[in-house]
Each structure stands twice: as C-alpha cells, then as structure tokens.
Amino acid sequence: MAKADENQWLRRLPLIVGMVGGTLLMVNRLLTPMVTDSQARADVVGVFLSAILILTTLLWQQIQPVLPEAVILEGEEGFVLADDLSDAVATELAWASHLLLTNTVTRSLVAYADGQVLMRRGVLGPAKEVEIGPILERVLTQKKPVYLVSLKLYPGKVEFNYLPENTQGIICQPMGNNGVLILGANAPRSYTKQDEAWVEGIADKLGASLDAVVTSQVTI
C-alpha cells in the first residue's frame, strides 16, 4: 500500500493561486469596457505576480522532486540464522543486519555464501532457499554489485522469490570470495550513493570475517 504524500497540495498551492489570479485578471480585463491607466498598471503587476507564483512551483518541483512512494512489504518479520554458524559470525551478521535495517531503506535482507543461506532478516519472502539466477551468478563471478533501482522493470526479478513479492528495489553486493548480500527496499530508486557505499563497507567487513573462518577450517 503506497504512502500518500501529505504535502502535495501545499507544494501546488502557489501554482493554483497563480493560475486563478491570472485567469481572474484576464476575465476582469475582458469585462471592463474602458481601461484606465491605473488599472492597466495594476493588471501588469498582477500578471507579473501570477507568473512568479507559477514559476516558483515549477522550480520547486525541480529542486525538491517528489520522493518515490514507499509500500508496505508483504510478509512476516523474522530473523533466521543458519544452525552451523559460529558465535562470532552469527554476532557479526546480527550486528550488520541491524545497522542496515535501521540506517538505510532496507526492509529485507539475505546473506548467502558457499551455497548456503546464512541469514534472513526483516520482512521474509516466501522461499527459504536461494536459487542462483543470472543476476546473482554475475555478482558472484564478476565481484561487482548490481543495483536494480526499480524491480518491476526487470524480467529477472523472478529469481528473487526469497524476498517479499512487492520488493521495490534490490542491491546485490558481493561479500567475500563466495558470498553475496541481497538487500530489498520498500521504495524504488531509494538507495543513495552514500547508502551504496555504506552497504559495500558492511559487506566487505562480513566477507572478511567469513573468509577468515573458511581459511581456518581449511588449515585445520
């Protein structure tokens, strides 16, 4: 369900006033049989003020664009960790996911590494397992993030059935050598460059911890 913009009429008020004022001035001029010099000067001032009001609204919309409409993601809130995680890794995943859910527009996230779902948190999707599709395959192979700004525009969205069905935007961020962090937002085009840098830093931290655990297991 989209959240209504409570300030839309306030933003449009100068435009409405300018158009109404300009229209009334024109009607008044047409209905006046004889225009005096003072009335002509007043009409010029009135037209100028109406134009300023209309222009103010148009410029304001360019400077302050309407934010993307957020929705309420479909699904239940949850926090699920894989059973075989060490306490250190589980703590890191809990810490990182809490930061992402409280400091970005992320509402659902999944951590996947070495063929296993390590964590699901936030609003949970219908599927519990991650089936690697073309998008995740590219992220895991090329080690480069993919940001789907508006999920409904991408046919490949079907591979993300482990996120809520009405997820609006997704970031797939590489996490270590063989992992990926998948984040779902409740509004399209809602991640800023600062958010993307924040996500990258957290994923790098998690990846380093996961790779260290894998390396220690191989050594043993």
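The model is predicted, with local features requiring pLDDT of at least 70 and side-chain atom pairs counted only at pLDDT 80 or more, whereas totals for chains, interfaces and linings use all residues. Residues are numbered from 1 along each chain as its sequence is written, and side-chain values use heavy atoms, with hydrogens and water left out.

The chain contains five helices and six strands, taken as DSSP runs (helices H or I, at least four residues; strands E, at least two) and numbered from the N terminus. Along the sequence these elements follow the pattern α-α-β-α-β-β-α-β-β-β-α. Of the 220 residues, 37% count as buried, where buried means under 20% relative accessible area, exposed over 50%, and partly exposed in between (1.4 Å probe, protein chains only). The accessible surface of the chain comes to about 13,500 Å², and 62% of this surface belongs to carbon and sulfur atoms; areas were computed by the Shrake-Rupley method with a 1.4 Å probe, and for residues only the protein chains shown count as cover. Among contacts (heavy atoms within 4.5 Å) between residues at least 6 apart in sequence, 65% join residues at least 24 apart.

The six strands form an open sheet in the order β1-β3-β2-β6-β5-β4, with antiparallel pairing; two strands are taken to pair if DSSP finds at least two bridges between them. Strands β1 (77–81) and β4 (146–148) stand at the edges with a single partner strand each, so one side of each has no neighbour in the sheet. From one strand to the next, the twist averages 15°, based on axes that are lines fitted to C-alpha atoms (for helices over the stretch in contact) and on angles from 0 to 180 degrees between N-to-C directions. Strands β2 (residues 106–113) and β6 (residues 179–185) run antiparallel and are joined by seven bridges. In this pair, serine 108 of the chain stands opposite glycine 184 in β6.

In helix α4 (residues 134–142), the buried residues are Ile135, Leu136, Val139 and Leu140. Viewed down the axis of α4, these residues fall within an arc of 130°, so they line one face of the helix; the arc is that of the directions from the helix axis to the C-beta atoms. An α-helix has 3.6 residues a turn, so residues three or four places apart point the same way. Pro134 and Thr141, on the other side of α4, are exposed. The cover over the buried residues of α4 includes β2, β4, β5 (169–175) and β6.

The largest nonpolar core has 24 residues, of which Leu93, Leu181 and Leu183 touch the most other members. Such a core is a set of buried Ala, Val, Leu, Ile, Met, Phe, Trp, Tyr and Cys residues joined through side-chain atoms within 4.5 Å. At least two residues of this core come from each of α3 (87–103), β2, β3 (116–123), β5, β6 and α5 (193–219), and α3 supplies the largest share, six residues. Residues up to four places away in sequence aside, leucine 93 touches Leu81, Leu85, Ala111, Leu118, Met119 and Leu206. Another core of 19 residues lies apart from the largest one, and its members include Tyr112, Leu136, Val139 and Cys172.

Aspartate 195 lies in helix α5 and is buried, with a relative accessible area of 13%. Beyond its neighbours within four places in sequence, aspartate 195 is in contact with Asn103, Thr104 and Ser190. Asparagine 103 and aspartate 195 are 92 residues apart along the chain, and their C-alpha atoms are separated by 8.6 Å.
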